[in-house]
Structures are given as structure tokens and as C-alpha cells.
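Please open the structure in your viewer and keep the sequence panel beside it. The stops below say what to select next and what is there.

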Amino acid sequence: MALEDYRADAMRCTRCAYCKWIPFDLIKSARFSKGCPSMEAGKFHSYSAGGRLVTALSLMDGRSTVTEAVKKSVFLCNLCGQCDVSCKMCRYDMEPLDAMRELRATLIKDGHTPPQFTPVMESLRTKFNMVEQSADERGNWAKELKVKDLATEKAEFVFHAGCRYSFDGEQGHVARTCVEILQKTGVDFGIFGKKEKCCAGRACDMGYRDDFQTKAHSNLKAWKKAGVKTVITPCSECFHTFSRKYTAKAGSEIKVIHMVQFVDGLIKAGKLKLTKPVKLKVTYHDPCHLGRQGEPYVPWNGKEKKIFGQAVCYDPPKPRYNGAFGVYQPPRDVLNAIPGLQLVEMERIKEASWCCGAGGGAREAYPEFSRSTANERIEEAQATGADAIVTACPWCERNFMDATDASGCKLRVFDIIELVGQAI
């Protein structure tokens with residue numbers, strides 16, 4: 001795709017402002033009705049999806065150039081996809097999220113790179129991770145675990161921990177718990193340990209398409225050599241990248257399962273018993289990449305047509321990704337299966353969930369914006385009266401932990417697998 005391919009969407013956008021709010025029929029109060037973190041931070045139309053479509057159109061037509069202000073409006077964004085959901089649910093069938101990704105890729109290709117991205121991308125290219133850590137330390141989380149090394153052995157399943165769980169000392173225990181659960185099931189699985197490489201989904205969202213393709217094909221080649229048929233990951237960003245981006249952009253046919261889906265299946269099949277009470281009142285945060293962007297990929301290679309030169313239609317009908325079929329119920333069912341645990345919901349949930357603030361390169365390039373986005377979600381979680389916020393993504397967890405530590409907030413942060421481990 002090229003930016004020009006989104007000209008029609010840019011022209012059809014009526015600047016209705018739906019992209020700035022959660023879907024209207026899902027609003028429960030004025031306080032928690034906003035949907036776009038970058039609009040809240042920038043306080044100007046150019047920071048919304050509609051504003052970026054205007055920017056893209058102006059750049060395509062040569063009516064403006066890329067200034068620092070333009071660059072900030074493009075990259076000060078989590079690419080959470082809330083605008084995409086609201087646009088499709090409230091009025092149109094456009095692709096604002098894909099258009100914004102294409103706008104970023106165009107700027108990167110033309111050399112308009114946020115300087116904060118440079119060390120992160122250098123880390124991906126030389127150390128195969130996006131958290132700027134030594135590649136040799138990637139497998140340290142699994143040192144004491146007896147598990148197949150797929151760099152030299154074969155297995156049907158691969159457990160892909162991801163960068164954050166592999167390198168973050170406060171989160172590595174989640175990956176270990178996942179492995180222990182997998183071992184209890186007797187499933188034929190292994191890990192790549194220090195040979196595991198980043199999914200590169202974040203690089204793709206930041207606009208680095210070539211780097212993404214390189215890492216995607218490298219991972220697919222390694223999986224094929226190891227006989228892997230299914231990838232299991234506890235990271236929502238990896239889940240989205242493998243299931244959507246690898247399939248759409250790299251031709252992958254690998255089955256992808258998030259660890260919470262796997263655990264949910266074990267519990268419902270009676271293969272995993274949760275017997276120990278975990279006395280907590282928790283609220284669940286839907287990660288963007290597992291929730292509204294976690295819908296199954298449906299290939300489409302059709303054409304746009306117009307009825308009587310007016311009404312737009314697609315032949316064959318185009319898949320409509322509006323967040324409705326994300327992974328919402330499995331994590332809630334798992335939490336409700338834990339004895340003693342009480343689940344209470346925030347106002348903005350599922351496809352209307354407010355972003356944690358860590359995605360799209362925002363945490364790396366604009367840490368204050370990323371932190372303020374997390375603070376908004378923490379405030380919403382506190383409004384439920386919960387003792388803790390639980391989620392299924394290490395990037396969300398890290399951002400929430402940093403936000404609560406900085407503010408002195410008493411709200412605890414858990415990974416859902418962490419609570420499962422306590423209940424076994």
C-alpha cells in the first residue's frame with residue numbers, strides 16, 4: 001500500500017469528530033467518554049484521526065510540507081485503534097488506523113524520523129529486541145526451567161515470551177508461570193531462549209516496514225525449521241503481530257494463541273483446576289492488541305465500486321474490523337474462575353477501552369504523553385473501587401506500574417497469568 005491508496009478515505013472524511021470519542025452508544029458518563037489519548041494531549045484537530053487524514057491529503061497534494069509540528073502530530077499517537085472503531089461503528093467504513101500507519105511509514109521513508117526512535121531501532125537491528133538490552137540476556141528468565149530449546153530441537157508449539165517478559169526483571173516471573181502451566185498439560189512445546197527475536201510489530205507501527213519484514217521472515221524461517229505449527233504468547237502485542245501482521249504482510253499460516261486463551265481452554269476442559277482463593281477485587285483492562293485489534297485476520301483482495309456513481313460498496317464485501325470480535329471473554333472467564341476474586345468493570349471496556357499509553361512508539365518518543373495516558377486509565381480503574389488492575393499485556397503492565405509508582409497510587413498491577421499461578 002501507499003499513502004495515495006488512502007486518498008479516498010481522506011476525501012470522504014467529513015470531520016464529524018466521532019474519532020475523538022468512544023462509540024456514542026457505549027458512553028456511560030461524560031467523565032469517561034473520550035476515546036483518543038493524543039487528542040486529549042494535543043487539544044487540536046490535527047492530533048485526531050480526521051486531522052491526520054487532512055494532513056495526509058495536504059502532503060499528497062503538495063499544499064504543505066513536513067515540519068516539526070506535523071511530525072509531532074503524526075507520531076504523538078499510540079495507534080490504539082479507538083478512532084478506527086468509532087469511525088466504523090458510528091458512521092463510516094473507512095480505514096483511519098491503516099491510513100495513519102501509512103502516513104508514518106511515508107514520513108520514515110522520507111527521512112522524517114523522530115530522534116527518539118533511533119536507539120530503539122538500532123537495538124532491534126543489532127540486539128534483536130526493542131528494549132535496548134543485550135541479546136545474550138534474553139533467555140535468562142528461563143535458565144532454571146527444563147524446556148526444549150527450539151534452536152536445536154523441534155516441537156509442535158513454541159512459547160514466545162516477547163521482549164518485555166524476557167528482559168524486565170519485574171515481569172519475567174509471568175513467563176515462567178506460563179511455562180509451568182504448559183508443562184502441566186504435557187503439550188509438546190519449546191522456546192528459543194536467547195535465540196528468540198522480537199516480533200517487530202512495534203517497529204511496523206512506528207513506520208519501519210523493511211525492518212519489520214526482515215524480522216518477520218526471520219522468525220517464520222526459524223519456526224519452520226523447528227517444526228512449529230502453533231505459537232503461544234502471553235504478550236498482546238506479539239499476539240496481534242503474529243496473527244494479523246505476519247499473516248497479512250508476510251504470508252504466515254502459523255496458528256497463534258494468546259496464553260489467556262490457552263488457559264481459558266484448559267479450565268473449561270477441566271485440565272486446569274484453580275482451587276486456591278485469591279481474595280482481591282480487580283478490574284480488567286482490555287489491551288488494544290488483544291481486544292479491538294485482536295480480531296481474526298480475513299484476507300481480502302477485492303475492488304471498490306459505486307452504485308449509480310454515489311454509494312460506495314466493495315466486491316466481494318470487505319472485512320469490517322470494528323473491534324467487535326476481539327479477545328474479550330476468555331480473560332474475563334479466567335478471572336471469574338479464580339476462587340475468592342471479584343471482577344468489577346470500568347466504564348470503557350472491550351472495543352471502547354482506553355489505551356494504556358505504551359503503544360505505537362509513544363512510550364519511547366513521548367514518555368510524558370504515554371504516562372498521562374496511563375494515568376487516565378488508572379483513575380478510571382480507581383473509580384471502580386478495585387484493589388488492582390489486571391491485564392494480559394506486558395507493555396500495559398509496565399506502563400501502569402510506572403504510572404502508579406510515580407504518583408504513589410495504591411492500585412496494584414497484575415498480569416492475569418500471575419493470578420492464575422496464585423490460584424493453582
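## A tour by selection

Begin with aspartate 205, which is buried with a relative accessible area of 2%, where buried means under 20% relative accessible area, exposed over 50% and partly exposed in between, computed with a 1.4 Å probe on protein chains only. The model is predicted, so local features need pLDDT of at least 70 and side-chain atom pairs count only at pLDDT 80 or more, whereas totals for chains, interfaces and linings use all residues. Residues are numbered from 1 along each chain as its sequence is written, and side-chain values use heavy atoms, with hydrogens and water left out.

Because aspartate 205 lies in helix H10 (residues 201-206) and arginine 101 in helix H6 (residues 96-109), the pair ties together parts that are 104 residues apart in sequence; helices here are DSSP runs of H or I with at least four residues, strands are runs of E with at least two, and both are numbered from the N terminus. Arginine 101 is likewise buried, at 12% relative accessibility.

Next select arginine 398 and glutamate 170, whose side chains form a salt bridge of 3.2 Å, N to O. This pair links distant parts of the chain, 228 residues apart, with arginine 398 in helix H17 (residues 394-407) and glutamate 170 in the loop between helix H8 (163-167) and helix H9 (172-185).

Now display the five strands that form an open sheet in the order S1-S3-S2-S4-S5, with parallel pairing, two strands being paired if DSSP finds at least two bridges between them. Strand S1 (148-149) and strand S5 (255-258) stand at the edges, each with a single partner strand, so one side of each has no neighbour in the sheet. S1 pairs with strand S3 (residues 189-191) over two bridges in the parallel sense, and aspartate 149 stands opposite isoleucine 191 in S3.

**Aromatic pairs.** The structure holds nine aromatic pairs, in which rings of Phe, Tyr and Trp (its six-membered ring) have centres within 6.5 Å, and planes under 30 degrees apart count as stacked, over 60 as edge-to-face and the rest as tilted. Select phenylalanine 117 and tyrosine 208: their ring centres are 6.3 Å apart and their planes at 65°, so the pair is edge-to-face. Phenylalanine 117 and tyrosine 208 are both buried.

Then move to phenylalanine 212 and tyrosine 246, an edge-to-face pair at 5.8 Å centre to centre with 65° between the planes. Phenylalanine 212 lies in helix H11 and tyrosine 246 in helix H12 (residues 236-250), so parts 34 residues apart in sequence are tied together. To finish, select Phe212, Trp223, Phe242 and Tyr246, which ring pairs link into a cluster.

Methods. A salt bridge is a side-chain nitrogen of Lys or Arg within 4 Å of a carboxyl oxygen of Asp or Glu.
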